Amino acid sequence: MFTLAEVASLNDIQPTYRILKPWWDVFMDYLAVVMLMVAIFAGTMQLTKDQVVCLPVLQSTVNSKAQPSTSGKADFTTVETTTGRKTNLDFQQYVFINQMCYHLALPWYSKYFPYLVLIHTIILIVSSNFWFKYPKTCSKIEHFVSILGKCFESPWTTKALSETACEDSEENKQRLTGAQSLPKYVSTSSDEGSPSANTPMITKSGFKFSADKPMIEVPSVTILDKKDGEQAKALFEKVRKFRAHVEDSDLIYKLYVGQTVIKTVKFIFILCYTANFVNTISFEHICNPKVEHLIGYTQFECTHNMAYMLKKLLISYISLICVYGFICLYTLFWLFRIPLKEYSFEKVREESSFSDIPDVKNDFAFLLHMVDQYDQLYSKRFGVFLSEVSENKLREISLNHEWTFEKLRQHVSRNAQDKQELHLFMLSGVPDAVFDLTDLDVLKLELIPEAKIPAKISQMTNLQELHLCHCPAKVEQTAFSFLRDHLRCLHVKFTDVAEIPAWVYLLKNLRELYLIGNLNSENNKMIGLESLRELRHLKILYVKSNLTKIPPNITDVAPHLTKLVILNDGTKLVVLNSLKKMTNVAELELQNCELERIPHAIFSLSNLQELDLKSNSIRTIEEIISFQHLKRLTCLKLWHNKIVNIPSSITHIKNLESLYLSNNKLESLPAAVFSLQKLRCLDVSYNSIALIPAEIGLLQNLQHFHITGNKVDTLPKQLFKCVKLRTLSLGQNYITSIPDKIGQLLQLTHLELKGNCLDHLPATLRQCQLLRKSGLVVEDHLFDTLPLEVKEVLNQDTSIPFANGI
């Protein structure tokens, strides 16, 4: 027989699982324990006192019978009545009969009742707790209970709910003071189902109210330390992964429904067959053992001394089973009454500021429904870790704890323009201490998905340049007002045009706008920018994208735009007619646009001063004659194309000062180029030019001449008549000697000779007073051929500034 401790261990579920046991499961567990006690009590009684006592049934005999009188008189006879009779049975024979009749006359249910109750109870206990033991559900339940307990006890949960209480108190105060005190742009109604917000934010559709309520000062007891913050961040990640894992199936729900159905069927089965045996349990039984040859009697009358107790125990067991069954039926009703595979945090959303807590489904929803039967507070505290708003607040607190003012100050550097610059990369948000750096000139935010710019930015009076790299930042109204009035340069790098913050299009004092990202869809249909009409002071627009035509909205800023740069990453730019409207553009760059000819729309830009058509597919430039209408054109860059020759009509660009034709397919330089008397810079590097014409001496204003990477073998003496030359690049050619007249170039500061066929350098280099060794690009062995006094001159330090103009 089982001991009580051994049987009780069958119902030994981990205490941590109690939060998943609703009242009916707990009640059924107690009923199961009572049924176990009934089985154990009945079994113990049977083992110790269960027995039958049998006596033989004796046959009555009549010694004489009454005979009728022949004389008509009554004839009375005396009948002898027997009052007792010896059975002549030995004690061992009684024991034998008792044992025989226990097995023959006693109903089987009377003998096995305790064992049946024990077996049925064990089956019910196993059925009740099978979902805690089944491997595919046990792991999920164990993980859920572990996460739930940590979420319940997490200091972040207390802090988040405390802030909610503070925010609610603040809202009540605002209601008492009246809505008239609110700014005209602040709404007292909820936004998209969230509680009323106090901070207006700029979004894609314009001004809206942030779902995040302003941070209210909370008691110091709720302030998180670094360890608690890290633990809370880990919990957010665990909850996210657990939700993704559990929401995929409804195995736990099906298993729980299945085991409840099994218990209900078991209850019906037990009730049906047990009720039939109640009346079979009797105190008296007739036994016919058929052992007359041993005993001499055929029939015995037996008594079962446990019959009365067993009947009472059976009735008690039936009563317990009925209660158990009714609870099972109620459980089934609860399981199918509401959709347990869906769980809504609507009530939690109403009671807290976390209006973004998502509804969950499948096993995740079922587990939360079960927890609600234990205590709804668990779900409320657990919902904090499903809210992105809550997670963002935690990130903000952790971020501010990590990125202090001193640490940010260490990351501030000086850029090429000698401005103080701070670059923040891949943070969860923008630390508050950033806005205490009041002397900062440039702020770069890169890969910060939840960047928010608060009103504190108005402290940064020196800030004029902002970089948003894959960072769709939101700004508060006060912050936007500051940026609108003070920001001069903005860089936005994006993957999709929707990532460009809406407030960018409203910065009326913006001077420079740099857009880098995709502005075309897969089917080659234009993705339009929003209206740029508000950018009334924009002067420079830089677009690095994959355009097929210039976005129409760019014409909104055409009247006041002075510089337009389009880098097209190899996508062919077809429609350029909108360029005609940019009458004030002074600098135009159309790089890598797969242009095959110079666009005719350019010839209408009467104020154009610099044109850059780098990295296109231009083969011929016959249209260059039309540049004569561009009286202000001084710089023409046609480098990195496929140009074969330069037409003589280039002479019509009389004001041209810089001409860049490097990395083309030129084989010669026509004399027309050297008729451009104002030319100061000529770059024909990396072509196939074999000869420098003598007419180069006509360019008396030439300061920079680059012919690196060609096939030149001799230098004409007329070259050295260009006495204003500062930069002379002759590298990677076939030059065998440098004329002594190079000493006439008194203003020369940069001389490149590396990669030629020289065997010595002229000593007249000492006459180039501004040339130093740092500006002389030549092989070391050639430098060593110079006389010692020349080396000493070249090695002298000088503080005279120079510019190469490249």
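# Disulfides and helix packing in a predicted model

A disulfide joins C54 to C302, with an S to S distance of 1.9 Å. The model is predicted. A search of the whole structure finds two disulfides. The protein has 806 residues, and 49% of them count as buried. Its secondary structure comprises 18 helices and 26 strands.

**The C54–C302 disulfide**

- The link of C54 and C302 is right-handed, with 110° about the S-S bond.
- This pair connects distant parts of the chain, 248 residues apart. C54 sits in strand β1 (residues 52-56), and C302 sits in strand β5 (residues 300-304).
- C54 has 1% relative accessibility, so it counts as buried.
- C302 has 2% relative accessibility, so C302 counts as buried too.

**The C101–C287 disulfide**

- C101 and C287 form a disulfide, and their sulfur atoms are 2.1 Å apart.
- The torsion about the S-S bond of C101 and C287 is about -90°, which means that the disulfide is left-handed.
- C101 lies in helix α3 (residues 91-104), and C287 lies in strand β4 (residues 284-287). The pair therefore ties together parts that are 186 residues apart in sequence.
- Both C101 and C287 are buried.

**Pattern and other cysteines**

- Counting bonded cysteines along the chain, the disulfides follow the pattern 1-4, 2-3.
- A disulfide is a covalent bond between the sulfur atoms of two cysteines.
- C681 counts as buried because its relative accessibility is 3%.
- C722 counts as buried because its relative accessibility is 0%.

**Helix α4 against helix α8**

- Helix α4 (residues 108-133) and helix α8 (residues 251-275) pack at an angle of about 165°. Their axes are 8 Å apart.
- That angle makes α4 roughly antiparallel to α8.
- The crossing of α4 past α8 is left-handed.
- On the α4 side, the contact residues include Y109, L116, H120, I123 and L124. Also among them are S127, S128, N129, F130 and W131.
- On the α8 side, the contact residues include I252, L255, Y256, Q259 and I262. Also among them are K263, K266, F269, I270, Y273 and T274.
- The residues of this contact of α4 with α8 divide into 13 nonpolar, six polar and two charged.

**Helix α4 against helix α5**

- α4 also packs with helix α5 (residues 135-153), at an angle of about 70° and with axes 6 Å apart.
- That makes α4 roughly perpendicular to α5.
- W131, F132 and K133 of α4 meet P135, T137, C138 and I141 of α5.
- By class, the contact of α4 with α5 has five nonpolar residues, one polar and one charged.
- W131 of α4 takes part in the contact with α8, and W131 also takes part in the contact with α5.

**Contacts across the chain**

- What share of contacts between residues at least 6 apart in sequence join residues at least 24 apart? In the protein, the share is 56%.

Methods: Residues are numbered from 1 along each chain as its sequence is written. This is a predicted model: local features need pLDDT of at least 70, side-chain atom pairs count only at pLDDT 80 or more; totals for chains, interfaces and linings use all residues. Side-chain values use heavy atoms; hydrogens and water are left out. Axes are lines fitted to C-alpha atoms, for helices over the stretch in contact, and angles run from 0 to 180 degrees between N-to-C directions. Helices (H or I, at least four residues) and strands (E, at least two) are DSSP runs, numbered from the N terminus. Angles under 35 degrees count as roughly parallel, over 145 as roughly antiparallel, 65 to 115 as roughly perpendicular and the rest as oblique. A crossing is left-handed if the near helix is turned anticlockwise from the far one by less than a right angle, and right-handed if clockwise. Contact means heavy atoms within 4.5 Å. Ala, Val, Leu, Ile, Met, Phe, Trp, Tyr, Cys and Pro count as nonpolar, Asp, Glu, Lys and Arg as charged, and the others, Gly among them, as polar. A disulfide is a pair of cysteine sulfur atoms within 2.5 Å. Buried means under 20% relative accessible area, exposed over 50%, partly exposed in between (1.4 Å probe, protein chains only).
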